[in-house]
Amino acid sequence: MTEINVITPKVEEQKARCPYCSFELEKTPTRKQKCKSCGKEFLARTHYLTKNKILLTEKEASIYDEQKDKYYVDKSLIDGLKGYINIDSNEVDNLVEKTQEELNAKFGKVASFKIMKIEGV
Ligand SMILES: [Zn+2]
């Protein structure tokens with residue numbers, strides 16, 4: 001099992017690499033592109049949390065897109081709850097943050113929407 005490193009440093013600050021063969025790319029691709037080295041197609045995304053450019057294999061991209069959708073569903077769920085219980089939205093954000101901190105302490109790792117696991121990559 002491989003974890004996609006979604007908190008990658010900004011590609012602009014380092015050389016972008018092909019997600020298949022790690023071939024160093026001259027320019028940071030902004031869309032789907034074929035690797036000059038291995039000939040495989042990879043996709044470019046702007047990460048929804050970090051706003052960093054990330055390069056993904058097709059398989060990773062489909063998982064990433066699902067994760068992104070889930071994140072926004074979760075987020076709108078929380079935003080919806082804010083309206084329902086009619087309390088200060090900052091208070092809800094603090095509660096979410098506090099709960100995450102408690103979970104982090106409990107499990108010894110970061111609890112968040114942004115952890116992505118991929119089977120068999
Ligand atoms: Zn390649």
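Me: Which strands form the open sheet, and in what order?
Reply: Keep in mind that this is a predicted model. The open sheet is built from three strands in the order 2-3-4, and the pairing is antiparallel.

Me: Ok, and which strands stand at the edges?
Reply: Strand 2 (33–34) and strand 4 (53–56) do. Each has a single partner strand, so one side of each is left without a neighbour in the sheet.

Me: How many bridges join strand 2 to strand 3?
Reply: Two bridges, with strand 3 covering residues 41–46. K34 has E41 as its bridge partner in strand 3, and Q33 has F42.

Me: What about the hairpin of strand 2 and strand 3, how many residues sit between the strands?
Reply: Six residues, and G39 takes a positive phi near 80 degrees there.

Me: And over how many bridges do strand 3 and strand 4 pair?
Reply: Four bridges, in the antiparallel sense. For example, R45 stands opposite I54 in strand 4, while T46 stands opposite K53. Strand 3 and strand 4 also form a hairpin, with six residues between them. In that turn, K51 has a positive phi of about 60 degrees.

Me: Switching to helices. Where does helix 1 lie?
Reply: Helix 1, residues 58–85, lies across strand 3 and strand 4. Its direction is at about 30 degrees to strand 3.

Me: At what angle do the axes of helix 1 and helix 2 cross?
Reply: Roughly 135 degrees, and the axes come within 10 Å. Helix 2 is residues 89–107. That angle makes helix 1 oblique to helix 2.

Me: Is that crossing left-handed or right-handed?
Reply: The crossing of helix 1 and helix 2 is right-handed.

Me: Which residues meet there?
Reply: From helix 1 you have I78, L81 and K82, and they meet S89, V92 and V96 in helix 2. Sorted by class, this contact has four nonpolar residues, one polar and one charged.

Me: New topic: what pLDDT does the chain average?
Reply: The average is 78, and 78% of the residues score at least 70.

Me: Which element has the lowest mean pLDDT, and which the highest?
Reply: Strand 1, residues 2–3, has the lowest at 44, whereas strand 2 has the highest at 94.

Me: Over which residues is the pLDDT below 50?
Reply: One stretch is residues 1–12, which has 23 contacts in the model beyond near neighbours in sequence. Another is residues 113–121, with 22 such contacts.

Methods: Residues are numbered from 1 along each chain as its sequence is written. This is a predicted model: local features need pLDDT of at least 70, side-chain atom pairs count only at pLDDT 80 or more; totals for chains, interfaces and linings use all residues. Two strands pair if DSSP finds at least two bridges between them. Two residues are in contact if their C-beta atoms, placed from the backbone, lie within 7 Å. Axes are lines fitted to C-alpha atoms, for helices over the stretch in contact, and angles run from 0 to 180 degrees between N-to-C directions. pLDDT is the predictor's confidence in each residue, from 0 to 100. Angles under 35 degrees count as roughly parallel, over 145 as roughly antiparallel, 65 to 115 as roughly perpendicular and the rest as oblique. A crossing is left-handed if the near helix is turned anticlockwise from the far one by less than a right angle, and right-handed if clockwise. Ala, Val, Leu, Ile, Met, Phe, Trp, Tyr, Cys and Pro count as nonpolar, Asp, Glu, Lys and Arg as charged, and the others, Gly among them, as polar.
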